[in-house]
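Have a look at the structure first, and then read on.

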Amino acid sequence: MSFYNHTQNWFNGELFEGKMVLIAGILMMIISIFIWRYGTTPNAKALVIPILSVGLFFSIGIGWIMRDYPQRMAQSERAFKENPAEFMLQEKERVEGFQILYTYSLIFATFSFVLTIVGFGFLNNRIFQSICIALLLISFTLIIIDHFSKERSKIYYIEILKHLNEPSGQ
């Protein structure tokens with residue numbers, strides 16, 4: 001199997017996750033519309049804007065990233081064809097460089113969970129609680145994405161090291 005097949009697997013995994021987050025964002029926007037239309041309690045009314053915001057954030061953010069992905073895939077393929085060894089070294093650096101992001105998202109998720117516990121346990125502010133629910137949705141999504149992304153990055157990194165250590169480099 002060519003090294004670039006592993007890169008394509010990486011891209012395909014990223015696109016799959018992106019599609020799932022995009023679908024989640026669209027569903028959150030639809031849910032917020034239903035809550036706005038049919039929700040009658042003050043808690044329901046307070047939840048509309050935070051859930052709509054998360055849905056928009058997911059849909060626009062991931063949509064923007066997915067729009068650029070085909071171009072990024074084509075650039076990677078050209079770079080690999082031009083100089084496979086250099087491409088693998090760049091990929092090694094790139095994978096090593098974003099490993100810290102998993103820690104940051106875990107810290108953000110932990111902060112969101114604690115904030116939500118405080119918000120629901122000790123405060124009686126509907127807007128703050130609704131914002132906490134929105135933060136939980138973002139955190140929950142980050143944890144799911146990172147769970148699969150971290151696994152894929154480990155697999156990809158092993159393949160990078162394996163192919164860099166081969167005599168042919170491919």
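Predicted model: local features only at pLDDT ≥ 70, side-chain atom pairs only at ≥ 80, totals over all residues.

Residues are numbered from 1 along each chain as its sequence is written, and side-chain values use heavy atoms, with hydrogens and water left out.

**Aromatic pairs**
- The structure holds 12 aromatic pairs (ring centres of Phe, Tyr or Trp, the latter by its six-membered ring, within 6.5 Å).
- Phe-3 and Phe-87 have ring centres 6.2 Å apart and planes at 70°, so they pair edge-to-face (planes over 60 degrees apart).
- Phe-3 lies in helix H1 (residues 3-38) and Phe-87 in helix H3 (residues 84-97), so this pair ties together parts 84 residues apart in sequence.
- Phe-3 is buried, with a relative accessible area of 0% (buried means under 20%, with a 1.4 Å probe and protein chains only).
- Trp-10 and Tyr-156 are stacked, at 5.6 Å centre to centre and 20° between the planes (stacked means under 30 degrees).

**Charges over rings**
- Arg-152 lies over the face of Trp-10, at 5.1 Å from the ring centre (the rule is CZ of Arg within 6 Å of the centre and within 35 degrees of the ring normal).
- Arg-67 lies over the face of Trp-64, at 4.3 Å from the ring centre.

Conventions
Helix = DSSP H or I, 4+ residues; strand = E, 2+ residues; numbered from the N terminus. Buried < 20%, exposed > 50% of the residue type's maximum accessible area, 1.4 Å probe, protein only.
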